[in-house]
There are 2 protein chains.
Amino acid sequence: MMNHGVELQRRSTVGDRMDDLVRVFGERSQEADVILVNGGLGPTSDDLSAEAMAKAAGVPLVEDQEWRMHLEAWFARRGRVLPQSNLKQCLVPEGAIIVDNPSGSAPGFRLKLHRAWLFFTPGVPAEFKQMVNEQFLPFLRETFALDQSLKLHKLLTFGHGESTLADRIAQVPVPPGITLGYRPSVPIVEIKVFARGAAALAALDAFVATLRSTLGDAVVSERCASIAEEVHLLLREHGKTLALAESCTGGMLASQLVEFAGSSDYLVHGAVTYSNAAKARLLGVATDTLIAHGAVSPETALAMARGARALLDSDFALAITGVAGPDGGTEEKPVGTVVLALADRATCWTQTVRIPLRSRGVVRQMSCAIALDMLRRRLLDAEPLVSYSFIPATHTHVEHGH
Amino acid sequence: MMNHGVELQRRSTVGDRMDDLVRVFGERSQEADVILVNGGLGPTSDDLSAEAMAKAAGVPLVEDQEWRMHLEAWFARRGRVLPQSNLKQCLVPEGAIIVDNPSGSAPGFRLKLHRAWLFFTPGVPAEFKQMVNEQFLPFLRETFALDQSLKLHKLLTFGHGESTLADRIAQVPVPPGITLGYRPSVPIVEIKVFARGAAALAALDAFVATLRSTLGDAVVSERCASIAEEVHLLLREHGKTLALAESCTGGMLASQLVEFAGSSDYLVHGAVTYSNAAKARLLGVATDTLIAHGAVSPETALAMARGARALLDSDFALAITGVAGPDGGTEEKPVGTVVLALADRATCWTQTVRIPLRSRGVVRQMSCAIALDMLRRRLLDAEPLVSYSFIPATHTHVEHGH
């Protein structure tokens, strides 16, 4: 919202209980200029937003004839009769202005109470997003003199904790009107730079440049919301192909890349090889290697990466093998021990890390991020092996030739 | 919370701005008995919860000596010096009672303001969860006379929209004190049955039994939060093994199962075969089949499932191939066309569905759920192919023998 000239003041989540809903509409409409309401417009008995708003405003619910016709046509196009339960979706508070919902059965609507415009949107994420972009933001621009001097810039960091980042940044003088926010969300920490006012706006670019050089290696993207997306863009920009061999992450890395349209350009295959039999059969890892060094070892990770790469002769392969927990750890290889390997046609880099035990999900998320970061750095012609302050590698290895 | 005798009244999310935080603490503490505060206890400049609470209560911040010693020891154990920025985590409002955080650097604390106990917890999900279970819930039980007549039962449904479910349920009389809630969250719709009061509690089991038989096929679990978890449990209970072949879902199905500890018991391998080359090389799909019928066809899905199953001779294999979009659709096979196959040692079931175009993520999520539901039904000795009201199959096929 900030880059649209609006600051979010508060978000309130209320259960499907009439009294609580009526109260929150009444209360918040005395504090805010605009309230974006999401959800509670569905066809079922627990969808109470329209009725609660009518009560808060002291007006009756009325049927919107146009929306009823629209809804009947909408179902007819899908070869279905309008279900009884959808009829209530045509009821809106008297005086409300209907807002079209091109993708769903619930109409949006807006009306004013106290100082606020309340703007009602359906809970279905795709419908909500479309309505915000196509109707809510234009409505804001038409109705309010929006603050053009608000701006938010984000730097995505990886490999260092919040306090380490804060200590590094502490030496950088922050210009007036600029504030910093930290949003840690495994596996990354997002640094948000807020600029408020003309002077802050003018100083923003130079300040971000200073931050960037202060943070150095820690910054992994300033254009994406994830390392996976950054790697996705780099692979497409560089026209390179990738194969994956995943043990403990079990398809999570593949899935993170396939989320983005166009991943078929570079992802030639992925192998989820949980068992030793699968590592041998799908990736050609020698049984001797598995027996001598174990499934979680630099030797096995290297063989997995090389085997995965060779299978369809891709430019790169990433391999991950580790102990995700909660069981399966040993004294030598406790839960959280993960070996990562990156192979290109000439070289294979491996590193062993010990992810501080939190949960199976965290170990898998961190493993994917480290592997992706190795490839990201290789694509930028940087050294793939780098020291992360909160997950130092216990072992690294670079092997040239085959 | 409900099954612990507590009803959540409201959740408020506030940005890292001092005025808004002070206001929300002051305001909500006049309304609620208990406020669980999460986040804002970190080491960085935008972590304001302790200071805001001190202002709201009109008391100074004081350093907690015991927590400082604890923190110094915590960092020393990790071979690190206490960073300057972590010192502020020892500051709590005067009069606050420290709540131990066994896993992190921020202490929890609680204190009373107006009618409410405010209970502060760190934002790190694992630390939050542990503190809620080990300290917050016992505190609630000791401090309040909790309502023992609150209960929540959930039925997980799949394959039918909210309005279809509501229309089916409309015929069932709901006993006094029982209310229903619907939580649609792609790919499933969760039906929540709330019971409040002794009479409702007594009527709950019989009412749920009626719901269960009314909903029939639509109910996929009453013990899990996802179809993947239900299938995970069934595979382990039945001692069966599974192989996966994923095209458009790209590892998402494997990753959903690997999320659960113990998945290595049954998941013998997964193959992410995006390209035709990968389908041929990894799964042995005949090039003739790919050329004659295309990558998204019942013939290819069947060959993928059989190839994946045969690779390590597992009991079952699931295969998914489809057009996830936003590009790649044709008139004959528009975006959202997905073919799913389930193979066991004797039989292969395939079905083609057309998922209403929403987003790439939705198409992939729905595809995984349909595939998992086929296997779930097979594990329960039910017919794997079933008609979903909102995603009818356009083509189904059952082939016996090899």
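Predicted model: local features only at pLDDT ≥ 70, side-chain atom pairs only at ≥ 80, totals over all residues.
Local features need pLDDT of at least 70 and side-chain atom pairs count only at pLDDT 80 or more, while totals for chains, interfaces and linings use all residues. Residues are numbered from 1 along each chain as its sequence is written, and side-chain values use heavy atoms, with hydrogens and water left out.

**Extent of the interface**
- Chain A brings 69 residues to the contact and chain B brings 69 residues, where contact means heavy atoms within 4.5 Å.
- About 5100 Å² is buried between the two chains, and carbon and sulfur atoms give 49% of that area; buried area is the accessible area (1.4 Å probe) that two parts lose on being put together, summed over both.
- On the chain A side, A:R10, A:V258 and A:Y274 lose the most area to chain B, together 11% of what that side buries.

**Charged pairs**
- Eight salt bridges cross the interface of chain A and chain B, each defined as a side-chain nitrogen of Lys or Arg within 4 Å of a carboxyl oxygen of Asp or Glu.
- A salt bridge joins the side chains of A:E27 and B:R28, at 3.8 Å from N to O.

**Strand pairing across the chains**
- Strand 13 of chain A and strand 13 of chain B (residues 267-272) pair in the antiparallel sense over three bridges; strands are DSSP runs of E, at least two residues, numbered from the N terminus, and two of them pair if DSSP finds at least two bridges between them.
- Within this pairing, A:V272 has B:G270 as its bridge partner.

Conventions: Chains lettered and ligands numbered in written order. Helix = DSSP H or I, 4+ residues; strand = E, 2+ residues; numbered from the N terminus.
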